[in-house]
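Let's take a walk through this structure together. Please have the model open and follow along from one stop to the next.

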Amino acid sequence: MVGEREKAEAEAVQLCLELPLYGSIPRVRDDNGNEYTVRILSVGHFQLDCYCVHCDKPSTFRTERSDNQARMLSLAEQSTVLEDDVFPLHLHCQRNANHIYTYVFQAFDKMVMKIGQIPSMASIASFDLQKYRPILGKEYFAELHRATGLMSHGVGIGSFVYLRRIFERLILLHRQEFEAHHGTIEGFDGLRMEEKIEALKEVLPRALVKNRAIYGILSKGVHELDEDTCMRYFPIVRSAILSILEEDYHASEKERAEKELSESIAALVGEIKGNK
């Protein structure tokens, strides 16, 4: 069934790129008991898109299994459940095949668990986040990197602490932007977070205003949720924060491009006048 196979492929990508060590996904099988999840990771053709830490650029990583190899291995795999077996996955960068990401999995009856990977999830993520460094500054950029590192080692609550600090930092930056143009907001410090977002909506990214409930999830994670729940929520919360940073990044790039264009036009006008 195509739907089951696509589901298994999507979950396999999530296991590689988003879930921490010892995170797991269910083994997807069709109604006839045919295996998808283990086959995709262990013997099939598999690829994903992520940042290559060696090229320092986005790339596609892909298995280098020939059709014959995949077919023979697939037939062999059908004769065993692979329960409790440990197997590797080697993915080659399509920019440079010598750049290899390696994952190690363990298969159980109902799930597949990630038990190792090189390079680390934090290393892969940190390269992809470099463009946000000017927005957050050195300290908070390091905390974004640290949050991912903690989550990759199973520290869910600690990772939420850093994500909440980053969220609060984004609110502070936009408050400074608002007050620079509109003056001080009376009683701002006494407002609840959602009220602060409402007060700053003119200068906040649409993504932040739309996802204002994310702060409540972060606070709940710090004070009430357990490690496993925080780790399960982490990819969603992190994605929401990255969407805010991405919108800020594009606004910054647009402003920079407009400034460069204005300077180029001014220089051209000056040159033309000087030649008269």
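**A walk along helix α10 and beyond**

Because Arg256 and Glu253 are 3 residues apart in helix α10, about one helical turn separates them. Their side chains meet in a salt bridge, with 2.9 Å from N to O; the term stands for a side-chain nitrogen of Lys or Arg within 4 Å of a carboxyl oxygen of Asp or Glu. Before going on, note that this is a predicted model, in which local features need pLDDT of at least 70, side-chain atom pairs count only at pLDDT 80 or more, and totals for chains, interfaces and linings use all residues. Residues are numbered from 1 along each chain as its sequence is written, and side-chain values use heavy atoms, leaving out hydrogens and water.

Arg256 also meets Glu260 in a salt bridge, at 2.8 Å from N to O. Glu260 and Arg256 both lie in helix α10, 4 residues apart, again about one turn of the helix. How exposed are these side chains? Arg256 is partly exposed at 38% relative accessible area, Glu253 is partly exposed at 27%, and Glu260 is partly exposed at 40%. Here buried means under 20% relative accessible area, exposed means over 50%, and partly exposed lies in between, with a 1.4 Å probe and protein chains only. Helices such as this one are DSSP runs of H or I with at least four residues, strands are runs of E with at least two, and both are numbered from the N terminus.

Further along, Leu261, Ile265 and Val269 form a nonpolar patch on the surface, with about 260 Å² of accessible area together. Patches take residues with over 30% relative accessible area and no salt bridge, joining like charges within 9 Å and nonpolar side chains (Val, Leu, Ile, Met, Phe, Trp, Tyr) within 5 Å. The areas come from the Shrake-Rupley method with a 1.4 Å probe, and for residues only the protein chains shown count as cover. Val269 lies in helix α10, which covers residues 227-274, and Val269 counts as partly exposed at 38% relative accessibility.

How many salt bridges are there by this rule? The count comes to 12. One of them joins Arg212 and Glu198, whose closest N and O atoms are 3.4 Å apart. This pair links distant parts of the chain, 14 residues apart: Arg212 sits in the loop between α8 (206-210) and α9 (214-223), and Glu198 in helix α7 (residues 193-199).

Now for the backbone. A cis peptide bond, with omega of about -5°, joins Ile118 and Pro119. Pro119 is placed in the loop between β6 (111-118) and α4 (121-128). Tyr22 is not a glycine, yet has a positive phi of about 75°. Its place is the loop between α1 (2-17) and β1 (24-26), and Tyr22 is exposed, with a relative accessible area of 57%. Asp56, also not a glycine, has a positive phi of about 60° and is found in the loop between β2 (47-52) and β3 (57-62). Why point these out? Most residues other than glycine have a negative phi, and most peptide bonds are trans.
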